[in-house]
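Subject: Structure for you to look at

Hello,

Here is the structure I promised to pass on. Please open it and keep it beside you while you read my notes.

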Amino acid sequence: MPDIELKNIRNYVFNDLNMEIFDKELLVVTGPNGAGKSTLLATIAGLVNYDGTVLFDGVTVDRIPTNERKIGYLFQNLALFPHLNVASNIGYGMAVKGDGKTEIAQNVDELLRLMRIEHLRDRYPKNLSGGERQRVALARALAVSPEVLLLDEPFNSMDNGTCQCMRKEIAKIQKDLGITMVLVTHNPEEAEEMGDRIITIAGGKIRETETQCFCSSQNVHNTHNMQNCAGCTIDCYCKR
Amino acid sequence: MRLRNILDGCIPIIVFALIWEFIARIHIVPEYIFPSFSAVMREFYHLTVSGVLLDNLASSLFRVLVGFFLGSLAGIMMGTVMGCKEIINRSFHPIASLLYPVPTLGWAPLLMIWIGINEMLPIVLIFLCSFFPVLYNTITGIRSVGSDVINAARTLGASDPKILTTVILPLAVPNIFTGLRLEAGMAWRVVIAAEMVAIPTGIGALLIRSESLLRVDVIIVCLMVLSVMCLAFERVFQYIETRLTKEWR
């Protein structure tokens, strides 16, 4: 999974943005409305024009179109295809790549099981609740085996219980699959709970970075930061 | 329940026919001016059995089908290109905006000179009548597809042609079919007018001949056929649209 670097990014929001997202980390991006959080994801995905360089594992992807960047993107409004049922929504990415029907069916079944939405297989998005749509959208994003997963305020439309549950599931999926993940949120509690690192964007610039180091007995899932927590004791929780 | 609905729909028609029959039979106006419902039905039977009605209907139907198919196809294709490519839309939109308001029959004198009075005339008129509304509805349909859905398809690995065929066009279907449904009826109105003015065969020609012979019963038969054909065309498109979209709309 790639380490992502953004170098000297300039567009209608950013003015010389430089940042790095580490391999297998769950980076949380917070900030006020209009700060550029969604634009950051769109820049990584190649959905907006920019000057500067985006590198995946040191290789520039500026000329690589979105459909070839191997990313999964969970949009703020989920953007499910209303004319396709749940199974077809999840299988869409595999179908456009030309995967065989049997293979698609198997993968779709697996993702339906993983998200615990087998019973929704033939339903259309209009007949799903907010939480169900969320799971379908996440399954669809994971179906293409992305190397980077970009989540744009994914828990906005959810009630508290579903939200808690989905946070845990997404964190678990990220850990299990070892995906580099960028999550945009307004919710500080959500950021604290999920992020390996938290950055705050305002006015198109990174204002603040917090690194949460879960050392030793906790799952060490951001080992690249361990060197920065030399003073940490066992089970420490330190912020930088 | 369905039978009940059909019966509910039929009752006003039956009442209307009975009132019509009654008024005609009390001879307030001469029968050649206002024939009874039964006289019109008798004439409908004679025209059908003699083949006059079916021959003329076949001529009109052929023109409508060819003109409407070609006009709609061109409208959908051009609309798709204009809806997807802003530069092409900017280039062609002013021309389309200038031509669209011209009433279809306004083209008739020009087309009579350019292509003559022949089978092509009503077909070209129907082409023009179908083309512009389908063009605009297709553009509207394509433009109404949310950018998030398109971006979602892109992030899932779909190329632009794939996005067009698997996301944009299916989601534009309701708008495209609105244009098709409205213009299916309009195509019949245009073909009748063209046949009345210039073409010796078809329901419109039969209408105008009947007028010169003062055959009001035949005129009413033609109008009934026209009404049924307009309705049938609109309903066919409504049915196809419902079949294509009822699951997800």
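Predicted model: local features only at pLDDT ≥ 70, side-chain atom pairs only at ≥ 80, totals over all residues.

How many residues does helix α4 of chain A have, and how many Å does it reach from its first C-alpha to its last? Helix α4 (residues 130–143) of chain A has 14 residues and reaches 20 Å.

Helix α4 of chain A

Is α4(A) mostly covered or mostly open? It is mostly covered, with 11 of its 14 residues buried. Buried here means that 20 or more other C-beta atoms lie within 10 Å of the residue's own. Among the buried residues are Arg133(A), Val136(A), Leu138(A), Arg140(A) and Leu142(A). Just after α4(A) comes Ser145(A), with a positive phi of about 50°.

Helix α1 of chain B

Now turn to chain B. Helix α1 (residues 2–25) of chain B has 24 residues. At 1.5 Å a residue it should span 34 Å, and its end C-alpha atoms are 35 Å apart, which agrees. Is it in the open or covered? The number of buried residues in α1(B) is 0, so this helix lies largely in the open. His27(B) follows α1(B), and its phi is positive, near 55°.

The sheet in chain A

Chain A has an open sheet of 4 strands. The order is β2-β1-β4-β5, and the pairing is antiparallel. Which strands form the edges? They are β2 (15–21) and β5 (59–60) of chain A, and each pairs on one side only. Strand β4 (residues 51–56) of chain A is joined to β5(A) by 2 bridges, and the two run antiparallel. Find Phe56(A) there: opposite it, in β5(A), stands Val59(A). As a general point, strands of a sheet pair through backbone hydrogen bonds, either parallel or antiparallel.

Domains

Chain A is divided into domain 1 (4–70 + 147–238) and domain 2 (84–145). The contact between them takes 7 residues from domain 1 of chain A and 5 residues from domain 2 of chain A. On the domain 1 side, helix α5 (residues 160–177) of chain A gives the most, with 3 residues. That side has 5 nonpolar residues, 2 polar and no charged.

Chain B is assigned domain 1 (1–34) and domain 2 (36–245). Their C-alpha centres lie 31 Å apart. Where they touch, 8 residues come from domain 1 of chain B and 6 residues from domain 2 of chain B. The domain 1 side has 5 nonpolar, no polar and 3 charged residues.

Between the chains

Last, look at where the two chains meet.

Best wishes

Definitions and conventions
Residues numbered from 1 in each chain as written. Chains lettered and ligands numbered in written order. Domains from an automatic or database assignment. Contact = placed C-beta atoms within 7 Å. Nonpolar A, V, L, I, M, F, W, Y, C, P; charged D, E, K, R; others polar. Expected span 1.5 Å × (residues − 1). Buried ≥ 20, exposed ≤ 12 C-beta atoms within 10 Å, placed from the backbone. Pairing = 2+ DSSP bridges.
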